[in-house]
Amino acid sequence: MTRVAIFVDTQNVYYSVREAYGKHFDYRRFWARATANREVLAARCYATDKGDAKQREFQNILRSIGFEVRLKPFIQRADGSAKGDWDVGITLDAIEYAAQADVVVLVSGDGDFDLLAQKIREVHGKRVEVYGVPKLTANSLIKAASQFIPIEGELLLG
């Protein structure tokens with residue numbers, strides 16, 4: 001059976017799906033699609049934690065689907081900007097699982113992950129599937145992936 005490791009940049013997906021479609025990402029349909037006939041080695045969603053009840057409810061839904069939820073505190077800077085970036089954490093985890101997995105699934109449109117996708121393909125010889133909103137996913141990431149799967153249609157809620 002094909003072994004898969006899944007890494008979801010939750011903030012990126014939330015904001016890009018909302019901006020492009022005014023909707024939400026359907027994590028249940030995504031799970032069904034990404035894990036079909038595959039052994040799941042890891043499935044992680046990375047998010048910032050603001051500590052509100054609605055967010056905790058969402059995190060519990062993710063856990064009930066099968067995801068491990070990794071949280072980082074939300075930091076509001078004095079200038080009004082926010083910090084809660086998981087790029088390094090996602091990268092380290094993906095590299096850790098790349099040797100064991102046959103397929104690495106990355107859900108993000110962030111072009112910073114193009115080097116990660118390229119490295120997993122070239123060094124580990126593994127397949128990298130990238131799910132992203134077409135008009136908001138970096139071209140460099142689309143090119144670095146083995147396959148780009150657009151977040152649209154059945155992968156949207158509401």
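In α4, Thr91, Ala94, Ile95 and Ala98 meet Leu116, Ile120 and His124 of α5, where contact means heavy atoms within 4.5 Å. This is a predicted model, in which local features need pLDDT of at least 70, side-chain atom pairs count only at pLDDT 80 or more, and totals for chains, interfaces and linings use all residues. Residues are numbered from 1 along each chain as its sequence is written, and side-chain values use heavy atoms, with hydrogens and water left out. Helices (H or I, at least four residues) and strands (E, at least two) are DSSP runs numbered from the N terminus.

**Packing of α4 and α5**

- Helix α4 covers residues 87–98 and helix α5 residues 114–124; they pack at an angle of about 15 degrees, and their axes are 11 Å apart.
- That angle makes α4 roughly parallel to α5 (under 35 degrees; over 145 counts as roughly antiparallel, 65 to 115 as roughly perpendicular and the rest as oblique).
- Axes here are lines fitted to C-alpha atoms, for helices over the stretch in contact, and angles between N-to-C directions run from 0 to 180 degrees.
- The α4 and α5 crossing is right-handed, a term for a near helix turned clockwise from the far one by less than a right angle, with anticlockwise being left-handed.

**Helix α5 and its flanks**

- The buried residues of α5 are Asp114, Leu116, Ala117 and Ile120; buried means under 20% relative accessible area, exposed over 50%, and partly exposed in between (1.4 Å probe, protein chains only).
- These buried residues pack against α4, β7 (103–107), β8 (127–132) and α6 (139–144).
- Asp112 sits in the loop between β7 and α5 and is exposed, at 55% relative accessibility.
- From Asp112 to Pro150 the C-alpha to C-alpha separation is 18 Å, for residues 38 apart in sequence.

**Helix α2**

- Helix α2 spans residues 27–35, and its buried residues are Tyr27, Phe30, Trp31, Ala34 and Thr35.
- Viewed down the axis of α2, these buried residues fall within an arc of 105 degrees, so they line one face of the helix; the arc is that of the directions from the helix axis to the C-beta atoms.
- The N-terminal end of α2 is capped by Asp26, which has a side-chain oxygen 3.1 Å from the backbone nitrogen of Arg28.
- The relative accessible area of Thr35, in helix α2, is 12%, and Thr35 is therefore buried.
- Not counting residues up to four places away in sequence, Thr35 touches Ile6 and Val40.

- Asn37 lies in the loop between α2 and β3 (38–49).
- Although Asn37 is not a glycine, its phi is positive, at about 55 degrees.
- Asn37 is exposed, with 69% relative accessibility.
- Gly66 belongs to the loop between α3 (53–65) and β4 (68–73), and its relative accessible area of 38% makes Gly66 partly exposed.
- Leaving aside neighbours within four places in sequence, Gly66 is in contact with Trp31 and Ala43.
- The C-alpha atoms of Gly66 and Ala53 are separated by 20 Å, and the two residues are 13 residues apart along the chain.

Definitions and conventions:
Polar contact = N/O pair within 3.5 Å; in protein donor to acceptor, adjacent residues only side chain to side chain.
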